[in-house]
Amino acid sequence: MRRSSHDRRHGLDPATRFLLLHRESNAKAQRSMSDQTLYTAFAAKVESALSQLVAEGALPAGTSFANVTLEPPRDPSHGDLATNAAMVLAKAAKTKPRDLAKKIAAKLEAEDDIASAEVAGPGFINLRLDPAAWLGELKTIDALGDEYGRSTIGSGTAVNVEYVSANPTGPMHMGHCRGAVVGDALANVLEFAGHDVVREYYINDAGGQVDTLARSAHLRYREALGENIGAMPEGLYPGDYLVPVGEALARELGDRFKDAPEAEWLPVFRAEGVARMMDLIKSDLALLGIEHDTFASEAALHAAGKPDAAEAWLREHDFVYDGVLEPPKGKAPPEDWEPVKLPLFRSTKFGDDQDRPIKKSDGSWTYFGADLAYHMQKAENADELIDIWGADHAGTVKRIKAAVAALSEGKGKPVPFDVKLIQMVQLMRDGEPVKMSKRSGNFITIADMVEEVGKDVVRFTMLTRKPEAQMEFDFAKVVEASKDNPVWYVQYAHARICSTLRKAAEEGLEPSDAALDQLGEEEIVLIRRAAQFPREIEAAAKAREPHRIAFYLYDLATDLNAFYSLGNTRTEKRFIVAHEREVSQARLFLARAIGQVLRAGLRVLGVEAVERM
RNA sequence: GUCCCCGUAGCUCAGGUGGAUAGAGCGUCGGAUUCCUAAUCCGAAGGCCACAGGUUCGAGUCCUGUCGGGGACACCA
């Protein structure tokens, strides 16, 4: 679902509020449907068995079932589902796990749809389901369509995901890419899991780097007016992307700022520069399929007096005091180091190694001082906050978490706050690292990457590694058409399904659930995998790890291709079997459902499900 | 010196918040295609889960320490 972007400064505007409410009601409408999935149904059966044991006195009243899980065993030969209930509850029951397991298994075996319940190993209970249960799940997938997998675990919780937040001083480059994709996919996952999600971008338009931008733009402006500016001076932004900005400003403003004193033009060029850089960044993000709901401006934050309000509150509660900053702990302290008295935030109370200044000695706010106020603002409008940061900012996590904890707990509304650190990506070409020099203005932009390999490849590849691990991005490998390339492999599986359905349609065969009982064990393997999709979504949402969906889709594609290949040697196992109308239609029904799950998963990742390759 | 992330097959990486015999791809070796997309599939070999302790019924997973790789340590942003 794409929403139009709102360039608002802070707080929730009415349009956003409406969207949130609207989405919430959608989520509620979905609830009854998603609760019908196979896993939730059988989890309910397990819980009911346990409740019976409580009623019979085998388990003490009030026993918590919170740690009881029901999941597919790693080894499929153990059965369809396994529960650890007996091991988790043995202590409470004051019996051995296996003895308790026998009691639970006896209850479960009495259930419809459970063919057998066996006690195994240290006390696992392995369930074998009646095939009809899986066939029923297949129908559920078909009935729910693109909504299959949507969860309600997040309903009622509004999550603000802040990602990208690149400085508005130039186009987006590689360094921003991974965080942008991971943040966006995470927002999608959370939304699919039922959360109300706001995708936010923090514009750092108040710091010194914006003055640098303004000066650089002014020079390009003079250049556009015919002046020979020579090489860009050290300390200004040399990139060509400011050339058109200078030209546009020359057209729009004429030459009245050409020889004016800096104080006169600086504010104008700051504002113009930031606005144009944000346009550039938004168009870069659009190339990746990313659109934020909210753009929060640091300058607006200052204008609204938010940092002052935060400081006042923190001082009142003794989280901020005037103190002398310790010298930097690095090996070589700066030569011009002087002890200065500054307003410090007591981040040491929260595990930081030193208290951090919120204001500089000239009285202006530090980045941290403003950021603290910014997070306070976000916390007012959300139940949970997530920031996606580059790993190079790891050193500042403790202080900002400390600040959010102090503010939100102090104000009586603790807001869970998670900072996801995204490790660097090493670009590779022909096995060699791609060198980038930011100083010369030569760096690989996101636009370059998308143009070279495509949005889908960039997005999917960025999600094939857990974000806290460093990764390489090899231009040659990511466009390879083979099983070694997960993007291609998953899309291939989807295209194969589409191709099969097209072929069938030409022969007058449509998917049908009229004879699903003709599907055998090989097909049920596929259904089992597909049935895990809702669980994968929930797990990915809980862990805030969208990459799990990418790996899941790869597994599902593997199962699909494996089944497809069965037909090479066993023609009776093809999707389309000559003169076997009923079984063909049942298999086509299966194929369509698998395609649907692949599509839903890819949509969450923001990757297109292609129909032909 | 302090802090953060990582260390799993020859290589690149998963491992569902503590579960059963450790999982994939590439590479190596051996097989499968008159046929719905073989750009695919099946099988085999390959492991002190960096190391040492600890926590408990049970640890690749949690805790402590050591080693190795990466990153950060300004009143910058």
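This is a predicted model: local features need pLDDT of at least 70, side-chain atom pairs count only at pLDDT 80 or more; totals for chains, interfaces and linings use all residues.

User: OK, which residues come nearest to RNA strand B?

Analyst: There are 69 residues around RNA strand B, and of these F124, W488, Y489, R496 and R574 come nearest; a residue is near a strand if one of its heavy atoms lies within 4 Å of it. Of the atoms of RNA strand B that come within 4 Å of the protein, sugar and phosphate account for 64%.

User: And what classes of residue make up that surface near RNA strand B?

Analyst: The surface near RNA strand B has 28 nonpolar, 21 polar and 20 charged residues, where Ala, Val, Leu, Ile, Met, Phe, Trp, Tyr, Cys and Pro count as nonpolar, Asp, Glu, Lys and Arg as charged, and the others, Gly among them, as polar.

User: Which atoms of G208, Q209 and K398 lie by the RNA?

Analyst: For G208, a backbone N or O atom lies 3.3 Å from a phosphate oxygen of RNA strand B. In the case of Q209, an N or O atom of the side chain is 2.5 Å from a sugar or linking oxygen of RNA strand B, and for the side chain of K398 the distance from an N or O atom to a sugar or linking oxygen is 3.4 Å. The elements that give two or more residues to the surface near the strand are α3 (85-93), β4 (124-129), α7 (208-224), α17 (486-506), α19 (533-543) and α20 (547-569). Helices (H or I, at least four residues) and strands (E, at least two) are DSSP runs, numbered from the N terminus.

User: Which of those gives the largest share?

Analyst: That is α20, with eleven residues.

User: Switching topic, how is chain A divided?

Analyst: Chain A has domain 1 (38-134), domain 2 (208-287) and domain 3 (486-605), with bounds that come from an automatic or database domain assignment. Taken over C-alpha atoms, the centres of domain 1 and domain 2 are 67 Å apart.

User: What does β4 pair with?

Analyst: Strand β4 pairs with β3 (residues 114-120) in the antiparallel sense over six bridges, and two strands pair if DSSP finds at least two bridges between them. V119 stands opposite I125 in β4, and in the hairpin of β3 and β4, which has three residues between the strands, G121 takes a positive phi near 55 degrees.

User: What is the order in the open sheet of five strands?

Analyst: The order is β7-β6-β5-β11-β12, with parallel pairing. Its edge strands, each pairing on one side only, are β7 (294-297) and β12 (417-422), and β6 (residues 196-203) is joined to β7 by four bridges, with Y201 opposite F295 in β7.

User: And the open sheet of three strands?

Analyst: That sheet has the order β14-β13-β15, with mixed pairing. Here β13 (residues 425-429) and β14 pair in the antiparallel sense over two bridges, and M428 stands opposite P433 in β14.

User: Last one, where is S512?

Analyst: S512 is in the loop between α17 and α18 (521-531), and its side chain reaches the backbone nitrogen of A514 at 3.0 Å. Leaving aside neighbours within four places in sequence, S512 is in contact (heavy atoms within 4.5 Å) with Q585, A586 and F589.

Definitions and conventions: Residues are numbered from 1 along each chain as its sequence is written. Chains are lettered from A and ligands numbered from 1 in the order in which they are written. Side-chain values use heavy atoms; hydrogens and water are left out. A polar contact is a pair of N or O atoms within 3.5 Å; within protein, one must be able to donate a hydrogen and the other to accept it, and residues adjacent in sequence count only if both atoms are side-chain atoms.
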